[in-house]
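Let's read a structure together, one feature at a time. Bring your questions, and we will work through them in turn.

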Amino acid sequence: MEWNAETLQFLSQCFLHTLSPNPEPRRRAESSLSEAADRPNYGLAVLRLVAEPSVDEQIRQSAAVNFKNHLRVRWSTEVSREPNAVTLISIPESEKEQIKTLIVPLMLSATPRIQSQLSEALSLIGKHDFPKKWPSLLPELVSSLRTASQSSDYATINGILGTANSIFKKFRYQYKTNDLLLDLKYCLDNFAAPLLEIFLKTAALIDSVVNSGGPAVAATLRPLIESQRLCCRIFYSLNFQELPEFFEDHMKEWMGEFKKYLTMRYPALEEGSGDGLAVVDELRAAVCENISLYIEKNEEEFEEYLNDFALAVWSLLTTVSASSSRDRLTITAIKFLTTVSTSVHHTLFAADNVISQICQGIVIPNVRLRDEDEELFEMNYVEFVRRDMEGSDLDTRRRIACELLKGIATNYKERVTAIVSVQIQNMLGSFATNPAVNWKDKDCAIYLVVSLATKKAGGNSVSTDLVNVESFFGSVIVPELKSQDVNGFPMLKAGALKFFTMFRNQISKPIAIALVPDVVRFLGSESNVVHSYAANCIEKLLLVKEEGGMARYTSSDISPFLPVLIGNLFNALKFPDSEENQYIMKCIMRVLGVADITREVAGPCILELTNVLAEVCKNPKNPVFNHYLFEAVAVLVRRACEKDASLISAFEGSLFPSLQTILVNDVTEFFPYAFQLLAQLVELNRPPIPPSYMQIFELLLSPDSWRKTANVPALVRLLQAFLQKAPHELNREGRLSQVLGIFERLISSHTTDEQGFYVLNTVIENLGYEVIAPYVSHIWATLFGRLQKNRTVKFVKSFLIFMSLFLVKHGSTNLVDSINAVQPNIFLVILEQFWIPNLKLITGAIELKLTSVASTRLLCESPALLDPTSVKQWGKLLDSVITLLSRPEQDRVEVEPEVLDIGETMVYAATYVPLQNAGRKEEDPLKEIKDPKEFLVASLANLSARSPGRYPQIINENLDQANQTALLQLCGTYKLLIV
């Protein structure tokens with residue numbers, strides 16, 4: 001694309017139309033730009049348009065956004081492994097060089113909105129090219145910074161610092177490698193001194209402006225304060241990996257200014273209108289992050305400044321208001337004190353009254369509910385629950401204040417416990433004097449007890465020294481749970497339910513079970529948080545285990561109120577905003593997993609669940625809720641049919657319309673779930689399979705069904721169910737060749753080869769040899785082809801398991817002869833190259849037994865191995881079997897770092913989630929053999945008895961010394977001899 005008047009006109013018109021409110025011209029313009037983007041020099045032409053002063057500002061801004069997005073997808077393109085994916089054309093190297101030459105001066109001279117877009121574009125280039133492929137960037141930025149500094153042009157200065165901040169961020173999150181440290185050294189050598197220079201100059205200007213006063217102080221200060229914030233962020237990036245020598249040498253200058261920004265006030269900005277206070281607070285928060293970094297990583301060098309900073313941060317925290325606009329400053333400041341409290345300098349908190357003052361002046365004010373918390377509770381329950389119940393609130397004032405107390409308690413536990421206990425009692429006393437007015441005091445007391453509880457190692461139990469749990473529960477929590485008004489003081493109710501949930505292991509069964517009907521009542525609360533917490537409480541109670549591992553609460557415990565519990569749970573899904581409440585659905589799943597599922601329970605439940613399923617099929621949007629929904633259906637079907645097999649037809653009648661909707665309407669998100677439920681229904685049926693399933697079987701055999709990798713595990717699961725329940729159907733209408741075609745497709749890719757073996761194993765296990773014999777040569781040829789061109793350890797192990805299964809089902813003679821039919825005498829080659837060396841890598845109890853028994857039968861039954869010319873192979877195979885059976889897994893298995901196809905893996909993980917309640921029971925193909933070690937020794941004893949004196953010599957010549965000893969020990973254990 002040449003840059004001329006015609007190009008300028010074309011691009012200007014396109015970008016103008018992209019701003020059109022009418023969809024048709026907008027679509028046409030976007031299509032034209034998308035087509036033009038494939039042409040060389042497109043990015044360069046758009047950049048020149050952005051720089052053209054005669055073009056309208058809005059058009060240039062639209063072009064700047066397009067330029068940034070163009071760079072994001074085309075600066076460095078990667079070839080996709082997806083079969084039908086479109087690979088974008090990369091920007092040519094010559095064009096890249098021209099863009100890099102133009103972008104810095106254009107960015108610095110642009111208006112603020114365009115400058116921010118070009119700064120992001122520059123950062124995108126820097127991510128790929130800086131510093132090795134763009135050595136001129138940093139010198140150009142430094143030169144421009146010095147020029148702008150001489151004229152105090154802070155619009156340009158901040159543009160440069162913002163760009164530097166973006167390109168240096170990689171030093172915060174990338175792993176420390178030699179290459180990264182070399183890049184860091186290059187940046188330090190070029191930028192550390194200019195950074196300090198502009199930082200000190202700006203600091204002096206700030207002091208000068210503050211001292212001079214005047215009406216324009218706020219307007220003058222704002223860009224200066226912003227400049228210092230950017231300097232602080234760059235400081236953080238350049239110091240993150242380790243303390244650079246330059247910064248250590250100039251620590252005094254940096255720390256002096258840092259302290260000033262924590263202690264000084266700037267009334268012109270902070271007390272004026274607008275966001276002046278936020279601008280100053282952002283600088284202070286950046287300073288707190290820097291000093292937190294130094295106390296964590298450079299404690300010794302930072303020691304002389306620590307006391308002053310601790311006092312400065314403490315003083316700052318006592319004056320910061322509860323306004324949400326000051327949250328970031330408060331959180332970063334408290335994090336700094338928390339880090340100090342757990343360091344060797346914790347003695348700063350040892351003085352009299354310090355902990356008490358921190359508790360009263362910092363912790364309690366930040367733990368108390370604010371208007372913002374109440375608003376979040378009422379307006380966005382999902383976010384409130386995520387923060388409060390799921391522990392993702394580490395960056396909230398409430399949680400971080402409690403973390404500070406935990407930090408101090410690391411060294412001063414008794415004092416913290418005593419002080420906080422008194423505070424809790426005081427707040428409860430305040431509540432008692434006027435519950436309606438002082439309810440927030442009680443909420444604060446409950447929150448402190450819950451948040452300061454410590455988890456016991458190796459379990460879900462928690463403990464606290466702040467209160468006696470049973471006494472606190474009885475006097476503080478039970479009255480809230482017994483309250484008949486489920487809608488009154490909902491935040492207190494939520495706190496009480498959270499306490500019950502948290503301390504569920506400590507609360508005795510009689511007390512807890514007596515309160516469960518009250519918790520069930522709260523499922524009817526209008527508050528989304530309250531009925532979510534009630535559902536979570538019940539769900540977690542049903543998971544409690546006694547010391548021996550037995551469930552504390554069983555079906556008999558919940559049966560008295562089961563109808564009300566199930567009714568209230570399904571009714572809770574009808575509350576506004578709780579139609580897809582994952583906590584309620586998870587509770588339904590858990591209750592159905594514990595309760596006694598009679599026909600009277602199953603009928604209404606499947607009706608309700610299928611109604612919910614019909615709704616979510618219209619627009620699946622909450623994957624967690626949807627997963628628990630399908631788990632609930634699976635557990636209901638499984639447990640009801642275990643009790644009453646006649647229910648299967650009723651379940652089919654209820655579920656088939658929903659499953660048909662999923663498949664017919666192409667609700668792809670639910671395909672894996674639908675296939676797993678169908679597999680479960682097939683397995684629960686007794687042969688013959690009803691005709692309705694055979695239509696699904698035909699769909700299953702269609703190659704189109706297998707195109708999406710994410711569906712494969714669930715489809716394999718369903719195919720296995722059909723093969724087990726209706727193996728005779730495979731003999732009809734060429735179905736077996738269709739199934740083997742599916743196997744061939746799966747085995748060709750390393751992302752699905754394991755699933756291919758599952759199909760093949762099921763065929764071998766369920767069909768007679770006379771049925772599969774015509775296809776066996778083709779099966780071996782397919783597997784050998786894959787072995788030759790692209791084998792992995794995982795594939796070889798699966799191959800070995802398949803051969804073992806083939807042997808135990810159809811005999812060693814059929815195994816050896818069918819393999820040799822592909823190529824004469826190839827079996828011994830396969831044995832030497834794959835079976836013997838990889839046998840030791842087998843894991844899993846069933847797989848270990850299968851492969852060791854198959855190997856034993858080869859040793860003792862196969863003419864190929866009993867032939868005198870195969871003595872060496874016989875000995876090496878026995879050596880490998882004994883390694884497998886006698887050595888612990890960690891001594892014989894090395895974990896192979898498989899090369900994953902990231903694209904397919906991401907889609908697979910996001911789409912396919914196995915249903916625990918519809919899982920396939922792993923069948924042992926050798927139930928009659930209890931002990932594979934005994935089977936080996938007994939088989940060897942019988943074999944040697946037929947040829948006395950032959951085998952001890954072979955064993956002596958071919959077995960590792962440790963394995964000879966292990967074999968002797970096995971003979972001794974089972975009182976058998978190899979003669």
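**Reading the model, feature by feature**

Q: Where is serine 136 found?

A: This is a predicted model, and in it serine 136 sits in the loop between α6 (112–129) and α7 (137–150).

Q: Is serine 136 buried or exposed, or partly exposed?

A: Buried means under 20% relative accessible area and exposed means over 50%, with partly exposed in between. Serine 136 has 41% relative accessibility, so it counts as partly exposed.

Q: How many disulfides does the structure hold?

A: A disulfide needs two cysteine sulfur atoms within 2.5 Å. The structure holds 0 disulfides. Take cysteine 232: the closest cysteine sulfur belongs to cysteine 231 and lies 7.1 Å away, which is too far for a bond. Cysteine 232 is buried, at a relative accessible area of 0%. Cysteine 14 has 7% relative accessibility, so it counts as buried.

Q: Which residues of helix α28 are buried, and where do they fall around the axis?

A: Start with the list, then look down the helix. In α28 (residues 562–572), the buried residues are Leu562, Leu565, Ile566, Leu569, Phe570 and Ala572. Viewed down the axis of α28, these buried residues fall within an arc of 160°, so they line one face of the helix. Their packing partners are α25 (509–521), α26 (528–541), α27 (555–558), α29 (582–594) and α30 (599–618).

Q: How do the axes of α15 and α16 cross?

A: For a helix pair, look at axis distance, angle and handedness, and then at the residues. The axes of α15 (residues 276–297) and α16 (residues 299–319) come within 9 Å and cross at roughly 140°. The crossing of α15 past α16 is left-handed.

Q: Which residues of α15 and α16 meet?

A: From α15 come Arg284, Ile291, Tyr294, Ile295 and Lys297, and they meet Glu299, Phe302, Leu306, Phe309, Val313 and Leu316 of α16. Sorted by class, this contact of α15 with α16 has 8 nonpolar, no polar and 3 charged residues.

How values were computed: Residues numbered from 1 in each chain as written. Predicted model: local features only at pLDDT ≥ 70, side-chain atom pairs only at ≥ 80, totals over all residues. Heavy atoms only, no water. Axes fitted to C-alpha atoms, helices over the stretch in contact; angles between N-to-C directions. Helix = DSSP H or I, 4+ residues; strand = E, 2+ residues; numbered from the N terminus. Left-handed = near helix turned anticlockwise from the far one by under 90°. Contact = heavy atoms within 4.5 Å. Nonpolar A, V, L, I, M, F, W, Y, C, P; charged D, E, K, R; others polar. Buried < 20%, exposed > 50% of the residue type's maximum accessible area, 1.4 Å probe, protein only. Arc of directions from axis to C-beta.
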